[in-house]
Amino acid sequence: MARAILLVTLALTSTSLVVGVKKPGEVLRHSIARHGYPVELHKVTTSDGYILSLVRIPGRSADKKPVLILHGLLSSSIDWTVQGPDRSLAFIAADEGHDVWLGNVRGNTFSKEHEKLSSKEREYWRFSFHEIGLYDLPAMVDYIRGNTSTDAIHYVAHSQGGAAFLVMASMRPAYNARFASVHLMAPAAYIHHATSPAVEFAARIDELELFAKLTRSYEIGGRGAGSSADLVYTGHKTGLVPTSLVLTNIWYLVGVHDSINRTVLGEILANTPAGCSVYQLLHYGQNYRAKAFQQYDHGAAGNIQRYASRVPPEYPLHNVTAPVVLYYSEGDNFVPPADVEELADQLPNVVHKHQIGARKWNHIDFLYHVAAHRLYRTIVASWRDQTVEEQNVE
C-alpha cells in the first residue's frame with residue numbers, strides 16, 4: 001500500500017511539472033478572452049502596500065452602472081467566469097451592457113504582490129477579512145470610480161466578500177453612498193449556527209495558530225508545484241483521482257447536493273482553492289466561538305492596546321446604510337438562515353431577503369450550481385428595473 005501511494009504521488013508530481021505553469025495574468029486573461037469577450041487587467045495598490053488584480057470586461061452601455069463582483073474565502077475572480085457564457089455572473093452582466101469588474105483580494109493566487117513585503121514573509125500574511133474590507137475593497141471602489149464616469153456602482157459578493165463589504169461600510173461609512181445596490185450571497189458575518197466541519201476546524205484556534213508558527217506556513221490552500229491543491233487538480237486531470245472522490249470530499253464540507261456543473265469541475269479545480277491567510281481562518285474561528293461579528297481578537301493585552309477594551313468591539317452595522325439584498329439558503333451549513341436573519345436585524349437598509357427555494361442548496365451552489373445562472377439573471381434584472389426607475393424620476 002505504501003509503495004502504491006508513493007508511486008501515485010510521484011506520478012502526480014511529475015505530471016504537474018510536465019503540464020507547466022501559466023503566469024497569473026495569463027490565466028486571468030484567458031479565463032475571459034477564450035469566450036470571445038474583451039478583457040483588461042488592472043493593478044490596484046492599497047494604502048498598506050498590497051497590489052491587487054482587477055479584471056475588467058468593458059461595458060457597452062454608458063447609461064448602465066459598473067458592477068464590482070468579489071469572491072469569497074479561498075476563491076478568486078475566475079469563479080465568476082468558470083461556467084462560461086450564459087451561465088456565469090460576469091458574462092450575464094456583460095451581455096446586459098454593464099462594465100464588469102472582478103476583484104481579487106490580497107493573498108490569493110492573483111494578488112500576491114506587495115510594495116515591500118514578500119509572500120514568503122510572515123508579515124505579509126498578517127491580515128484577515130478585516131483588512132480586506134478596510135483597505136482592499138475601498139481601493140477597488142476608488143479605482144473603478146476613477147476610471148469610469150459614475151458616482152455609484154453595483155456590488156455583488158459571495159461569503160467573505162459580503163463580510164468585507166460590511167467591514168468597509170460600517171468602519172468607513174462614507175463609502176455607503178458609492179453603491180447603487182449591494183447583493184450579498186451567503187454573507188459570512190455571523191456564523192455561529194454553522195455546522196460545517198470546516199468551521200469547526202477554524203474554531204480550533206490555539207491548535208491552528210500553533211501549527212502555523214511551528215511550520216512557518218501562514219498560507220492555507222495556496223497553489224504551486226507540489227501543493228496539495230495542484231496535486232488534486234493534476235490527479236483529476238489524468239484520471240488518477242476520480243470525480244466521485246473529489247465530490248465526496250467537497251460534500252463532506254458543504255453538505256451533499258449533487259448540483260455542481262460537472263462539465264467544468266476540472267476548470268474549478270485548476271484555480272480553486274486560490275489560497276488565503278491562516279489569520280482569515282482564525283478570525284472566523286474567533287467569531288464562531290464568540291457568536292458575534294467582531295474585530296480580530298489579539299488577546300486581552302493586545303485588545304486593550306488596540307481597542308481600549310479587553311474584548312474586541314463588534315462592527316457598527318448600524319452605519320451600513322447602502323441598500324442591501326441578502327441571499328441565503330436552508331442547506332447552507334456555513335452561513336445558515338438563522339445567521340443571515342441575525343445580520344438582517346442589525347442592518348438598517350435591507351431592501352429584500354431572498355431565500356433560495358431548493359432545500360439542499362449549499363454554500364458553493366451560489367457559484368457552481370448548474371442552475372445558478374437563474375439567480376444571476378434575477379440580480380441583473382433588478383439593475384435594469386432600477387435604471388428604468390431612475391430615468392422615470394429624471
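Let me start with strand β4, residues 100-104, in what is a predicted model: five of its five residues are buried, so the strand is largely enclosed by the rest of the structure.

Strand β3, residues 67-70, runs parallel to β4 and is joined to it by three bridges, with Leu 68 having Trp 101 as its bridge partner. Between β3 and β4 we also have helix α3, residues 89-95, and these three elements make up a right-handed β-α-β unit.

Let me turn to a helix pair. A packed pair of helices is described by the angle between the two axes and by the distance between them. For helix α4, residues 129-146, and helix α11, residues 278-290, the axes come within 8 Å and cross at roughly 110°. An angle of 65 to 115 degrees counts as roughly perpendicular, and α4 and α11 are therefore roughly perpendicular to each other. On the α4 side, the residues that meet the partner helix are Phe 129, His 130 and Ile 132, and on the α11 side they are Gln 280, His 283, Tyr 284 and Asn 287.

As background, most residues other than glycine have a negative phi, and most peptide bonds are trans. Against that, Ser 159 has a positive phi of about 55°, although it is not a glycine, and it sits in the loop between β6 (153-158) and α5 (160-171). Arg 216 likewise has a positive phi of about 55° and is not a glycine; its place is in the loop between α7 (205-215) and β8 (219-220). Which of these is buried and which is exposed? Ser 159 is buried, with a relative accessible area of 8%, whereas Arg 216 is exposed, with a relative accessible area of 71%.

The last item is a cis peptide bond, which joins Thr 272 and Pro 273 with an omega of about 5°, and Pro 273 belongs to the loop between α10 (265-271) and β9 (276-277).

Key: Residues are numbered from 1 along each chain as its sequence is written. This is a predicted model: local features need pLDDT of at least 70, side-chain atom pairs count only at pLDDT 80 or more; totals for chains, interfaces and linings use all residues. Side-chain values use heavy atoms; hydrogens and water are left out. Axes are lines fitted to C-alpha atoms, for helices over the stretch in contact, and angles run from 0 to 180 degrees between N-to-C directions. Helices (H or I, at least four residues) and strands (E, at least two) are DSSP runs, numbered from the N terminus. Angles under 35 degrees count as roughly parallel, over 145 as roughly antiparallel, 65 to 115 as roughly perpendicular and the rest as oblique. Contact means heavy atoms within 4.5 Å. Buried means under 20% relative accessible area, exposed over 50%, partly exposed in between (1.4 Å probe, protein chains only). Two strands pair if DSSP finds at least two bridges between them. A crossover is right-handed if, with the strands pointing away from the viewer, the path from the first strand over the helix to the second runs clockwise.
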